[in-house]
Amino acid sequence: DKANRLCADHIRLHTNGLFWFQQSVLANMDDDAAMEEVMLFGRDNGHYPTFDLFKFYYVIVDNYTKEIQYILDEIYVTDKYALTVEDRNNDGISELYIDYFKDGKFTVDERGYNLRTTRCYDRIEWSPESEKFNLQQP
C-alpha cells in the first residue's frame with residue numbers, strides 16, 4: 001500500500017538507493033500491543049557458479065504510524081535472504097534470528113566454488129526504550 005511504499009522509499013533514500021526491499025513480517029517486537037513491521041533490505045554482493053552473495057540489514061517500522069523505529073546500523077553478508085522473527089522464549093515479544101558471515105569474510109577456490117566462511121547465528125531482541133538491539137548468541 002501507499003504507506004509501505006513511502007516508508008520503503010524513505011529507507012532507500014537513507015541508504016543512497018543501494019539496498020532494496022526484499023521482504024517483511026509483522027510481529028510484536030516490544031511489550032506494546034501495537035505490531036511492528038520488520039523489514040529486510042538487501043543488495044547483490046557477487047555471483048558465483050553455485051551461489052550468490054548478498055549484503056543486508058533490517059529495519060523496524062511501526063505498523064500503524066509507518067514511522068521508522070530503528071535501522072540496524074550493521075550491514076551483514078550472507079548467501080541467502082532470511083527473515084526469521086519468532087517468539088521462541090514465549091515471553092510475548094518476538095526476536096529476530098539472523099545468520100551471516102563473520103566479519104563479512106569468505107573465500108572461494110580459483111573457479112568460484114567451495115565457499116568457505118564462518119557462519120554466525122544470532123538472536124536479536126529490540127527494546128524501544130533503549131532504541132537498540134540486544135545481540136545474544138542462541
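Strands β3 and β4 run antiparallel and are joined by three bridges; two strands count as paired if DSSP finds at least two bridges between them. Strands (E, at least two residues) and helices (H or I, at least four) are DSSP runs, numbered from the N terminus. The model is predicted: local features need pLDDT of at least 70, side-chain atom pairs count only at pLDDT 80 or more, and totals for chains, interfaces and linings use all residues. Residues are numbered from 1 along each chain as its sequence is written, and side-chain values use heavy atoms, with hydrogens and water left out.

**The β3 and β4 hairpin**

- Val 59 has Ile 71, in β4, as its bridge partner.
- Five residues lie between the two strands of this hairpin.
- Lys 66 belongs to the loop between β3 (52-62) and β4 (68-71).
- Phi of Lys 66 is near 65 degrees, which is a positive value in a residue other than glycine.
- Lys 66 is buried, with a relative accessible area of 18%; the term buried means under 20%, exposed means over 50%, and partly exposed lies in between, for a 1.4 Å probe and protein chains only.

- Tyr 81 is placed in the loop between β5 and β6 (84-86).
- With a relative accessible area of 22%, Tyr 81 is partly exposed.
- Leaving aside residues up to four places away in sequence, Tyr 81 touches several residues, including Gln 22, Leu 40, Asp 44 and Phe 56; a contact means heavy atoms within 4.5 Å.
- Arg 43 is another residue that Tyr 81 touches; the two are 38 residues apart in sequence and 9.9 Å apart in space, C-alpha to C-alpha.
- A polar atom of the Tyr 81 side chain lies 3.0 Å from the backbone nitrogen of Arg 43.

**Nonpolar cores**

- The largest nonpolar core has 18 residues, and Val 38, Tyr 58 and Leu 96 have the most contacts inside it.
- The elements giving two or more residues to this core are β2 (36-47), β3, β7 and β8.
- Another core, of six residues, lies apart from it, and among its members are Phe 19, Met 39, Tyr 57 and Val 61.
- A nonpolar core is a set of buried Ala, Val, Leu, Ile, Met, Phe, Trp, Tyr and Cys residues joined through side-chain atoms within 4.5 Å.

**The chain as a whole**

- The protein chain has one helix and nine strands, and from the N terminus on the elements run α-β-β-β-β-β-β-β-β-β.
- Of the 138 residues in the protein chain, 36% are buried.
- Among contacts with a separation of 6 or more, 44% are between residues 24 or more positions apart.
- The accessible surface comes to about 8,000 Å², and 46% of it belongs to carbon and sulfur atoms; such areas come from the Shrake-Rupley method with a 1.4 Å probe.

**Confidence of the prediction**

- The mean pLDDT of the protein chain is 81, and 79% of the residues reach 70 or more; pLDDT is the predictor's confidence in each residue, from 0 to 100.
- Confidence is highest in strand β5 (residues 76-78), at a mean of 93, and lowest in strand β9 (residues 132-136), at 48.
- Over residues 134-138, pLDDT stays under 50, and the model has 14 contacts beyond four places in sequence for them.

Methods. Polar contact = N/O pair within 3.5 Å; in protein donor to acceptor, adjacent residues only side chain to side chain.
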